[in-house]
Every structure is written in structure tokens, then in C-alpha cells.
Amino acid sequence: MNQLLFLLEKEFRQVFRNPAILRSVLVMPFIQLLVFPFAANYEVKNVLLSIVDHDHSSYSKKFISKITSTGYFKLTDYSPSYNKAMEAIESDKADLIIEIPPGFEKELVKENKSKMLLAVNAVNGTKANLGGAYAVNIIRDFNQEIQVEWMTFPSFNAIPAIEITSSNWYNPTMNYKDFMVPGILVTLLTMIGTFLSALNIVQEKEIGTIEQINVSPIAKSTFILGKLIPFWIMGLVTLTIGLLVSRFFYQIVSIGNIGLIYLFAMVFLLALLGVGLLISTFAETQTQATFVGFFVMMIFMLLGGLYTSIDSMPEWAKWITKINPVAYFIEVMRMIVLKGSGFAAIKYHLLSVLGLAVVFNSWAIWNYRKRS
Amino acid sequence: MNEPVIIANKLTKRFGDFTATNEISFEVKKGEIFGFLGANGAGKTTAIRMFCGLLLPSSGSATVAGFDVFKQTELIKQNIGYMSQKFSLYEDLTVKENIRFYAGIYGMSRRLIKEKTGPLLKQLNLLSEANMLVKSLPLGWKQKLAFSVAVFHEPKVVFLDEPTGGVDPITRREFWNLIFQAAERGITVFVTTHYMDEAEYCNRVSIMVDGKIEALDTPRKLKQSFNALSMDEVFLQLARGAKRAGD
């Protein structure tokens with residue numbers, strides 16, 4: 001016990017003397033939370049639009065003015081032919097082409113239907129998807145307006161249209177920041193838990209001080225605890241700063257119990273520190289640790305459900321998310337903050353992460369040998 | 001005064017089909033300064049690592065401070081000090097904090113640490129540097145401090161693996177004065193070195209060639225039996241036959 005206190009005293013002294021660590025614990029959460037949610041934006045604006053209008057009728061003009069007035073599209077190209085419009089796409093001047101065929105208005109009036117071609121550049125998947133979806137919505141809307149307009153004609157038979165309305169529960173305005181910010185907070189904790197702890201231990205290997213520790217009577221478990229506790233505390237400090245930023249900057253007030261977030265974070269950090277520790281037992285140099293750390297980090301992030309929904313992943317990927325503590329925490333964060341979930345709802349997640357913590361840490365302790 | 005503190009009996013370490021230390025046998029008495037010489041790659045560091053409980057021997061037997069190197073490594077660790085050729089203090093801690101930390105993990109009480117720190121700093125002439133970061137000290141001072149930290153908890157044996165590498169002759173002399181003082185207090189000193197003038201300071205010297213101990217005696221007797229004027233000559237005569245080069 002006494003030995004542990006001496007270890008902790010030393011670790012904290014070193015942390016407070018290392019401006020890089022202090023900065024990453026105290027300043028990183030500010031910067032990431034203030035910058036990322038704006039940049040990692042799910043709303044698509046400024047879709048570059050190319051229009052090929054073969055009709056030049058009043059209806060086609062009406063349609064063009066409707067689509068450009070939405071604010072999502074920017075008319076950058078007005079081409080005489082489809083091939084010319086393709087050139088605009090190839091030179092990145094346009095993301096989306098709408099071709100209005102000749103006789104668009106005439107057919108619309110005479111036969112009550114007409115065609116339109118929508119071509120999307122899908123190099124940027126998100127932009128293409130959302131841009132295409134917006135365009136389809138606007139076209140449908142335009143269609144309805146015309147129908148309403150024509151209702152006044154007695155000869156016209158209104159086709160009964162089924163309107164689909166949706167409402168977004170728990171995040172009524174679909175504010176992406178509300179679910180991005182808690183997620184980003186989780187990635188921050190992940191970085192501190194995995195990287196700082198792994199690099200710290202490997203650094204002792206590099207300098208050679210670990211050898212001095214290994215010839216001392218200090219127990220393996222004491223040494224490891226002395227390494228884990230400081231980073232565990234730093235993780236919780238980062239979480240606190242992050243929650244304060246979300247509260248006062250984004251007005252995100254957790255509907256659920258904040259204590260529950262802390263409880264989960266404590267277990268979560270334990271699991272990640274285990275991962276960091278494990279990396280440090282494999283790596284001999286900080287360069288190696290960084291590379292392995294990044295590799296693990298990418299898996300944690302991309303299969304964590306922050307950027308893409310886990311539900312839409314293939315089965316095998318879903319299985320990987322089962323051993324990814326980050327995936328659990330991101331989900332739990334959103335459940336608690338947005339939905340106000342209680343302990344019963346997150347019990348399964350908590351137990352899973354606790355299990356992972358036990359596995360990672362025992363593996364690391366087993367792997368860390370005081371003698372070869 | 002004559003009980004052996006280190007006993008090695010046919011101690012061997014093999015890495016695959018490479019035999020790093022080959023059946024070395026010797027005894028080191030309490031308070032003795034035992035020089036452990038050999039060219040690079042002769043197997044000195046491997047032997048030291050086995051005595052310190054960092055490396056499991058392949059065969060043979062050995063005890064350090066009465067404890068078995070196979071089964072009682074944790075007990076050995078409580079009774080030894082160790083200073084490696086790699087620098088072993090924390091550069092981002094001050095002189096005082098390093099002393100405190102290492103003394104602490106050897107189980108010394110806070111009161112005892114405080115009591116002993118003052119006299120040590122005075123002895124090392126580091127009173128005004130007590131609160132300076134170790135990284136700002138010159139190499140020779142660091143080495144003296146590292147040695148003092150290694151014997152601060154009054155171990156039965158201290159293992160020194162090339163402790164004076166890269167240090168100027170005056171500081172080396174001062175370093176050896178610290179070693180003599182420790183030996184007088186009854187601490188057994190087990191030291192490897194490449195400086196033959198340092199070998200002359202040892203009570204007894206062993207010379208390892210290709211994993212085996214080829215000679216073991218007092219420096220005076222070694223010079224006699226090899227018909228040499230200095231330990232340098234003795235060493236060269238023996239090491240010339242070595243097949244392994246470098247490590």
C-alpha cells in the first residue's frame with residue numbers, strides 16, 4: 001500500500017511536469033468539442049447543381065427557382081446538353097445534374113405526367129445520398145403544388161396521395177450536435193485511456209527505468225495499479241470538462257442521470273486502460289506503441305457507431321462491435337443524454353464493458369513479466 | 001565476515017542453441033568487492049540478470065543473500081541494489097524525489113527516508129541541487145547519485161553493471177570512493193567494468209571469456225600467474241582467444 005502511494009506520487013509529479021500530457025487532458029476536450037461538431041456535420045449544404053433545361057418553359061423555370069431557393073443547392077452550371085453537364089461533373093463543378101426533357105410542360109399539361117432525369121455524382125457518398133434525397137423530395141413537393149393548382153380544374157381527377165410524416169423521438173429537431181457531442185466525448189476518453197497509458201509505460205521501457213523497477217521488490221500488480229490510477233483520474237477529469245462544455249456551449253443537458261454516465265465512464269476507462277496496458281506489453285518503443293495504438297483506435301472508432309450506424313453494419317462487423325468498449329459507451333451516452341435511460345436499460349452494456357475490462361487487464365498483467 | 005553472499009554453482013543460461021553463460025561457479029564473501037570482467041558479449045550482463053532475478057537460469061544453481069535464483073526471486077529483490085549501464089534515474093524528477101521514490105518502493109518509511117536524505121545529499125555535495133531536475137545534472141553526478149540510490153536501502157549486495165561508462169577519471173575515482181564506503185558498511189559489491197585500473201581496486205576479479213570463467217583471483221595473484229605487469233595485460237592475454245565479438 002505504501003509502495004503504491006510512492007508510485008502514485010511519482011506519476012502525478014511527472015504528469016504535472018509534462019506540459020504535453022496536461023494539454024491533452026485539459027485543452028484537447030475544449031478544442032475537439034468546439035471544433036469537431038461543426039466540421040463533422042451531417043447536414044449537406046451547397047450541393048453543386050447543374051441544370052440542363054431543354055424545355056425553357058414556365059414550368060421548368062418555376063421548378064428551377066424552387067430548387068435553388070431551398071438553400072441546399074447551388075446552381076453552378078447551366079448546360080445546353082447532358083454531355084456538357086457531365087463535363088461539369090468531371091471537373092468537379094457539379095455534384096448533381098437535373099435534365100429537363102423537351103416538351104416537359106406540354107406533356108405535363110396534356111398527359112398529366114412528365115419525366116425528369118436526376119444524375120448524381122456518387123464519389124462523395126454522403127453528399128450524393130443526401131443531395132439526391134433532397135432533390136427527390138423537392139420534385140415530389142413540386143409535383144404536389146402542381147396538383148393543388150390544378151385541383152381547380154373540374155376535369156381534373158385528383159389522385160389520392162398518401163402523405164408520410166415522420167417525427168424524430170428523443171431528438172425532435174434532429175439536431176446532429178446532440179448526438180455528435182456525447183459521441184466525441186467518448187472518443188476523447190478513448191484516446192486518453194489507450195494512448196497516454198500505453199505511451200507512458202513504453203517510455204519507461206525506452207529510458208530503461210522499467211529495469212530498475214523490475215529488480216525492485218515492488219509487486220507486478222502494485223506497479224500496474226500505480227500506472228492505471230493516474231490515467232483513470234485524468235480520464236474522469238476530461239469527462240467532466242467535456243460535460244461542462246456540452247452543457248454551457250451546446251446547451252446539451254442530459255435527460256438521464258449524470259451519475260450514471262460517471263459510473264459507466266469509470267468502468268469504460270478501466271477497459272481502455274487495459275487495452276493501453278496490453279499495447280505497452282507488446283511494444284518495445286513508443287513508435288511501435290503509437291502504430292499499434294492507431295490501429296486499435298481506428299477499429300474502435302470506425303466500428304464504434306459514432307459515424308455510421310451499427311445496425312446497418314454486416315453481421316461480422318456487428319460481432320466486432322461486441323468486443324468494442326467504445327461502441328457500448330457511445331450508445332450508452334446517447335441513451336442517457338438524449339433518452340434519459342436508467343440503470344436497467346444500460347445494465348447489459350455495463351456488464352459487457354466490465355467483462356471486457358477484466359479480459360483486457362488480465363491479459364495485460366499476464367503478459368507483463370518482471371522476468372523473461 | 002566470511003559467509004558467502006553469492007554462491008554460483010555451474011550456473012548456465014542458454015538462448016536456443018547459444019550458451020550465453022556456461023557453467024559458471026564461484027562464491028562472493030560478505031563485504032567483498034568482486035570484479036566481474038569480460039569482453040563485450042562474454043556473458044556478464046546475462047549472469048547479472050540471473051542473479052538479480054530478471055532472467056531464469058537454464059541449469060545449475062545459485063543463491064544470492066541466501067535466496068534461490070530459481071524460486072525466491074522476490075526475496076532476492078528485497079535484499080539487493082542494482083544499477084545498470086543504462087541510466088536508471090527519472091530525469092523529470094528532482095534529486096530528492098528520485099531518492100524518495102526509490103527508497104519508498106524498497107519499503108523504507110517516510111521518516112527514515114527523510115532522516116537519511118540530508119546526510120546523503122551532503123556527502124554527495126548535492127545540497128544546493130537537491131531540488132533540481134536530474135536531467136540538468138552532469139553525467140558523473142548522475143552516476144554517483146544512481147549508485148547512492150541503489151545502496152540507500154542498505155541492501156546485502158549491490159550489482160553494478162558498467163557503472164562508470166563515459167565518466168571522467170576524477171569522477172570515476174570519486175565513484176569508487178563511494179563503493180569502498182559501501183563495502184566498509186558490509187555491502188557486497190558485484191561490479192562489471194571495462195576499465196582495468198578499476199579492476200585493480202577489486203578484492204577479487206573474475207575474467208569471463210565466451211561464457212566461461214577463465215580466471216578468478218586477487219588482482220595481484222592474477223598478475224603473478226599470468227606473468228603480467230598490469231591487469232590490462234592479463235585481460236588481453238585471456239580475451240584474445242575469444243571467439244565472440246561485440247554485443
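A residue counts as buried when its relative accessible area is under 20%, and as exposed when that area is over 50%. The model described here is predicted.

## Aromatic pairs

By that cut-off A:Phe264 is buried, because its relative accessibility is 0%. A:Phe329 is buried as well, with a relative accessible area of 1%. A search of the whole structure finds 24 aromatic pairs over all chains. One of them joins A:Phe264 and A:Phe329, which are stacked with 5.2 Å between centres and 20 degrees between planes. This pair links distant parts of chain A: A:Phe264 belongs to helix H11 (residues 258-282) and A:Phe329 to helix H14 (residues 325-339), and the two are 65 residues apart.

Chain B has a stacked pair in B:Phe26 and B:Phe190. B:Phe26 is in strand E2 (residues 18-29) of chain B and B:Phe190 is in strand E8 (residues 188-192) of chain B, so the pair ties together parts that are 164 residues apart in sequence. Both B:Phe26 and B:Phe190 are buried. The two stacked pairs are set out below.

| Pair | Centre to centre | Angle between planes |
|---|---|---|
| A:Phe264 and A:Phe329 | 5.2 Å | 20 degrees |
| B:Phe26 and B:Phe190 | 6.1 Å | 25 degrees |

B:Phe26 and B:Phe190 also belong to one aromatic cluster, together with B:Phe34, B:Phe36, B:Phe51 and B:Phe159.

Arginine side chains also sit over rings. In chain B, the charged end of B:Arg172 lies over the ring of B:Tyr195, 3.7 Å from its centre. In chain A, A:Arg247 is over the face of A:Phe248, at 5.2 Å from the ring centre.

## Nonpolar cores

In soluble globular proteins, nonpolar side chains tend to be buried together. The largest nonpolar core here has 106 residues, and B:Phe51 and B:Phe159 touch the most other members. Leaving out residues up to four places away in sequence, B:Phe159 touches B:Phe51 and B:Phe190, and its other contacts include B:Ile6, B:Ile48, B:Val64, B:Ile80 and B:Met83. A second, separate core holds 51 residues, among them A:Ala265, A:Ala289, A:Leu350 and A:Leu356.

B:Phe51 is also one of the buried residues of helix H1 of chain B, along with B:Lys44, B:Thr46, B:Ala47, B:Ile48 and B:Met50. Six of the eight residues of this helix (residues 44-51) are buried, so H1(B) is largely enclosed by the rest of the structure. Just after H1(B), B:Gly53 has a positive phi of about 80 degrees.

B:Leu121 is in helix H4 (residues 110-123) of chain B. B:Leu121 counts as buried because its relative accessibility is 3%. Its contacts, leaving aside neighbours within four places in sequence, are B:Val95, B:Lys96, B:Ile99, B:Leu126, B:Leu127 and B:Ala130.

A:Glu90, in helix H5 (residues 82-90) of chain A, gives a contrast. At 63% relative accessibility, A:Glu90 counts as exposed.

## Sheet of chain A

Four strands of chain A form an open sheet in the order E2-E1-E3-E4, with mixed pairing. The edge strands are E2 (73-79) and E4 (117-120), each pairing on one side only. From one strand to the next the twist averages 25 degrees. Strands E1 (residues 47-53) and E3 (residues 96-100) of chain A are parallel and share five bridges; A:Ile51 stands opposite A:Ile98 in E3(A). Helix H7 (residues 125-150) of chain A packs on the sheet and touches E1, E2, E3 and E4, its direction making about 165 degrees with that of E4(A).

## Strand E9 of chain B

In strand E9 (residues 204-209) of chain B, six of six residues are buried. In a regular strand the side chains alternate between the two faces of the sheet. B:Arg204, B:Ser206 and B:Met208 point one way from E9(B), while B:Val205, B:Ile207 and B:Val209 point the other way.

E9(B) runs parallel to strand E3 (residues 33-38) of chain B, joined by five bridges, and B:Gly38 stands opposite B:Met208. Five bridges also join E9(B) to strand E10 (residues 212-217) of chain B, here antiparallel. The bridge partner of B:Val209 in E10(B) is B:Lys212. E9(B) and E10(B) form a hairpin with two residues between them, and B:Asp210 in the turn has a positive phi of about 50 degrees.

Conventions:
Residues are numbered from 1 along each chain as its sequence is written. Chains are lettered from A and ligands numbered from 1 in the order in which they are written. This is a predicted model: local features need pLDDT of at least 70, side-chain atom pairs count only at pLDDT 80 or more; totals for chains, interfaces and linings use all residues. Side-chain values use heavy atoms; hydrogens and water are left out. Rings of Phe, Tyr and Trp (its six-membered ring) pair if their centres lie within 6.5 Å; planes under 30 degrees apart count as stacked, over 60 as edge-to-face and the rest as tilted. Buried means under 20% relative accessible area, exposed over 50%, partly exposed in between (1.4 Å probe, protein chains only). A charge sits over a ring if NZ of Lys or CZ of Arg is within 6 Å of the ring centre and within 35 degrees of the ring normal. A nonpolar core is a set of buried Ala, Val, Leu, Ile, Met, Phe, Trp, Tyr and Cys residues joined through side-chain atoms within 4.5 Å. Contact means heavy atoms within 4.5 Å. Two strands pair if DSSP finds at least two bridges between them. Axes are lines fitted to C-alpha atoms, for helices over the stretch in contact, and angles run from 0 to 180 degrees between N-to-C directions.
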